[in-house]
Every structure is written in structure tokens, then in C-alpha cells.
Amino acid sequence: MRPLATVPGGAGRRKAGAAAAAASREWLVVPASGRARVEEAGKHAVMARTGLPARDLRVLDPLLSYPSTILGRERAIVVNLERVKAVITAAEVLLPNSKDPDFAQFVRDLQARVLASSGQAAEFTDIEGESSVIASPFPAPSSSKGHELEMAKRTTDAVGGMIHSSSVPMLATMKDGSTKVLPFEFRALEVCLESACRSLEEETGTLEKEAYPALDELTSKISTLNLERVRQIKSRLVAISGRVQKVRDELEHLLDDEMDMAEMYLTEKLAQQDISETSSRVEVDDHDPSQLEEGGDEDYRSEPDGTNVSFAGYKPNIEELEMLLEAYFVQIDGTLNKLSHLREYVDDTEDYINIMLDDKQNQLLQMGVMLSTATVVVTAGVAVVGLFGMNIGISLYNPATPDETRAAHVKFWETTFGTIAGCTILYIVAMGWGKRSGLLQ
């Protein structure tokens with residue numbers, strides 16, 4: 001009997017380490033302090049930290065193509081707008097790390113926004129920097145409710161420290177004229193919206209600078225090179241219009257759904273949860289200790305459910321988020337209007353080109369009619385020439401005296417010029433009839 005092959009322990013550990021490395025990815029974490037750091041964590045660790053399901057994290061996968069989306073969840077906001085991909089919690093922003101220069105600019109804008117009035121200098125940690133290798137503070141994946149409660153408590157403590165700090169970078173002007181401090185998640189969301197809208201607006205401006213001169217040049221000179229340039233511009237116009245339309249539709253969907261906007265108030269939900277837990281502890285302290293011991297296990301098991309109920313039943317005032325989304329909805333709608341005007345200009349240019357081509361085609365058709373008429377007339381003259389060219393013996397061909405010779409010459413030229421004049425008159429009559437009937441211009 002053959003002995004079973006055994007895999008050395010070192011090889012098994014190497015394979016397990018390789019699988020764990022493949023499942024993890026680098027994330028750039030920007031907390032409320034604004035000091036970015038690079039961390040490495042797997043999908044399950046991010047799910048445990050943010051409370052997001054796996055399908056929401058797939059939206060941030062760079063290998064998959066997802067439309068522009070803003071998802072409000074219980075403990076996080078998932079943002080996928082153009083090149084901006086982020087997970088926003090009440091205390092930090094998680095960004096899939098990238099070496100794209102646009103990504104670095106977005107991170108700098110995010111750090112500047114969260115540190116707008118704190119007077120601190122933001123410290124950007126690049127993936128290639130020395131401080132890029134940092135021990136991951138992400139927790140190990142766990143499905144226990146105690147672990148989830150611990151993560152929620154950590155996030156709540158972080159939010160509490162952020163609220164009581166002296167850094168209050170942004171103020172929102174309400175409809176009644178009062179001002180209110182924007183929570184961290186809305187400041188981060190505003191940076192994401194601003195970056196996406198600015199990127200689309202810059203692409204639209206670049207396209208306008210290239211499109212209008214190319215279209216004007218095409219109207220003045222129709223050539224293969226100009227037609228190819230306009231074709232490429234129209235393809236870019238269709239692509240950018242679709243992307244802008246998706247962002248606009250997503251903002252419009254959020255503005256129409258108050259429940260989705262209420263889900264994005266992460267800081268207020270955590271504060272409400274903290275108040276509910278505090279009041280629950282006060283109520284438990286007021287109960288009889290003997291009753292507390294009898295129902296201790298049931299209270300412990302029902303505690304997470306009560307927390308979720310307080311989350312679901314809390315409905316904050318969505319006015320500040322509504323005003324924030326409306327501002328960028330107006331901006332993206334203005335970009336879409338620019339693209340619509342450019343599309344109309346392209347369509348008008350196409351109509352003008354088609355009219356010019358139709359006019360050229362009509363001119364060619366008229367020339368064909370004129371040449372055909374001339375051919376018919378000339379054919380009539382050829383018939384006369386053929387008639388006189390037949391081999392028939394008449395006196396005109398065999399003059400006997402000098403007077404008959406002179407008379408034959410005169411008759412020849414009279415016949416020749418008469419035939420030419422007759423063909424010319426027939427051609428003029430045909431052209432006149434064609435113009436009078438509207439067939440020719």
C-alpha cells in the first residue's frame with residue numbers, strides 16, 4: 001500500500017500566507033485629524049470595520065465597471081463617482097490606494113477640507129514613502145455580535161472625540177439663515193462630489209475648446225480629415241454625456257428619497273445610539289438587582305436588537321444634506337446643459353453638412369440632365385449627317401459644270417449650318433422647358 005504524500009508545514013504556511021496576501025489590498029485611511037496613513041487589510045476586515053456587505057465593497061473594485069453610485073448604509077457611506085471611490089464612516093475615510101496623480105490631488109483636497117480651520121498641517125503618506133508599511137489596525141474577521149458591538153463602540157468613541165474637539169472646519173447655512181457644523185461624513189462626501197463634478201466639468205471644457213473650432217472648420221471645408229475629427233469628438237461627447245447623466249441621476253435619486261438621505265447621518269445616528277445606551281443603563285440601574293440577575297442573559301441577547309431598532313427609528317433633519325446635494329446637482333446639471341448645447345451644435349452642423357451635400361448632389365443631377373439633353377440633340381445632328389452620307393448617286397455629288405459645283409458647295413454649307421442651328425435651337429428649347437417645369441434651376 002502506497003503511503004499518502006504529506007505537505008511540509010512550511011509549504012502550507014507559505015500557501016496560506018500567499019492566499020491572505022492575495023485577499024488583502026492597500027487602503028489609504030484619512031481620519032478626522034487629516035493625517036493620512038496607508039493600511040493593508042482584507043475584505044472581511046473592512047466589512048467588520050464598516051459594517052458593509054460584500055456586494056457594496058464590489059462597487060469599489062477597480063477591475064469591475066459599476067455606474068456612479070452613492071450608497072447610504074447603517075455605519076458607512078459608499079461613494080463611487082467617476083475616479084473617486086471611497087468608504088466614508090463617521091470618523092474616517094477609507095480609499096483604495098492608487099498612484100494616479102488625480103487620486104493624490106483628491107487626497108490633498110480631502111485633508112485640506114477636514115483641516116480647514118484646525119490650523120494643523122496635513123501629512124500625506126504616499127504608497128512609495130517610508131511610512132507606507134504600517135501594521136494593520138483592522139480587526140480579524142469575526143461574525144460574533146460582541147465583536148460588532150465592540151467595533152460600533154470604537155467608532156462611537158472616535159466620533160465623540162471628533163465632535164468635542166476644537167476642529168470645526170465647515171459650517172452649513174440653513175434655509176432659515178442659521179449656521180450648523182457639517183459632520184465629518186458630509187465634509188468628506190462634499191469633497192467626493194466636488195472632485196467628481198470638477199473632473200467632469202474640466203473634461204467638458206476641454207471638449208468644448210476642441211469641438212467648436214473643428215465643427216466650424218468642417219462647415220468651411222468638407223474633407224476626410226475634418227470628418228474624422230468630428231467623428232472622434234462626437235464619440236467623446238456621447239461618452240462624457242452618459243457619465244454626467246449617471247451622476248446627475250444618482251443625485252436626483254438621493255434628493256427624491258428622504259430615507260436614503262437619513263441613512264447618511266452617521267454621526268447623529270451614533271450619537272443617538274450613545275444616548276439610547278446611556279438611558280438603557282440608567283433604567284437597568286433603577287431595576288431590582290434580583291430581577292436584573294434573572295433576566296441578565298435575555299437582556300444581553302436582546303441588546304443588539306434594541307440598538308438596531310434605535311438606528312432604524314431615528315429620522316434626523318435632512319435639510320443640510322439636501323442643500324449640499326442640491327448645490328452639486330445644480331453644478332452637474334449645468335455641465336449637462338453645456339454638453340446638451342454642444343450636442344445641438346453638432347446636430348446642427350450635421351444638418352448643415354447634409355444640406356450642402358444634397359445641394360451638390362442636386363447640381364450633379366442637373367449636370368447629368370443637361371449632358372443627356374445635349375447627347376440627344378447631337379444624336380439628331382448625327383442622324384442628318386448619316387442621311388447625307390449614304391452612298392446614293394445624285395447630282396449634288398457629281399456636278400457637271402462649274403455653276404453646279406458652286407451650287408453644291410453652297411448647299412453643303414447651308415445643310416451643315418442648318419443642322420448645327422437646328423441642334424442648338426432644340427437644346428435651348430429643351431433647357432427652357434426644363435427650367436419652366438422646375439426640373440432645372
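**A sheet, its helices and a pocket**

In the hairpin of S1 and S2, 5 residues lie between the two strands, and among them Gly34 adopts a positive phi near 85 degrees. The model described here is a predicted one. Strand S1 covers residues 24–31 and is joined to S2 by 6 bridges, the two strands running antiparallel. Trp27 stands opposite Glu39 in S2, while Val29 stands opposite Arg37 in S2.

In total, 6 strands make up an open sheet with antiparallel pairing, and reading across it gives the order S2-S1-S6-S5-S4-S3. Strand S2 (37–42) and strand S3 (69–72) are the edge strands, each of which pairs on one side only. On average, neighbouring strands of this sheet are turned by 25 degrees against each other, with direction ignored. Helix H2, residues 43–50, packs on the sheet and touches S1, S2, strand S5 (84–88) and strand S6 (92–96). The direction of H2 makes about 110 degrees with that of S2.

Glu82 sits in the loop between strand S4 (77–81) and S5. Its phi is near 55 degrees, a positive value in a residue other than glycine.

From H4, the residues taking part are Phe106, Asp109, Leu110, Arg113 and Val114. They meet Phe184, Arg187, Ala188, Glu190, Val191, Cys192, Glu194, Ser195 and Arg198 in H6. Sorted by class, the contact of H4 with H6 has 7 nonpolar, 1 polar and 6 charged residues.

Rolling a probe the size of a water molecule over the atoms shows where empty space is left. The second largest pocket has a volume of about 490 Å³. Its lining consists of 22 residues, and Arg83, Val84, Asp100, Asp102 and Phe103 are the ones nearest its centre. S5, helix H4 (101–114) and helix H6 (184–220) each supply at least two residues of the lining of this second largest pocket. In terms of class, the lining of the second largest pocket divides into 8 nonpolar, 5 polar and 9 charged residues.

Definitions and conventions. Residues are numbered from 1 along each chain as its sequence is written. This is a predicted model: local features need pLDDT of at least 70, side-chain atom pairs count only at pLDDT 80 or more; totals for chains, interfaces and linings use all residues. Side-chain values use heavy atoms; hydrogens and water are left out. Two strands pair if DSSP finds at least two bridges between them. Helices (H or I, at least four residues) and strands (E, at least two) are DSSP runs, numbered from the N terminus. Axes are lines fitted to C-alpha atoms, for helices over the stretch in contact, and angles run from 0 to 180 degrees between N-to-C directions. Contact means heavy atoms within 4.5 Å. On a 1 Å grid over the protein atoms alone, a cavity is a set of points where a 1.4 Å probe fits but cannot get out, and a pocket is an open set with protein on both sides within 12 Å along at least five of seven lines; lining residues have an atom within 4 Å of a point. Grid points are joined across faces, edges and corners, and a volume is the space filled by probe spheres set on the points. Ala, Val, Leu, Ile, Met, Phe, Trp, Tyr, Cys and Pro count as nonpolar, Asp, Glu, Lys and Arg as charged, and the others, Gly among them, as polar.
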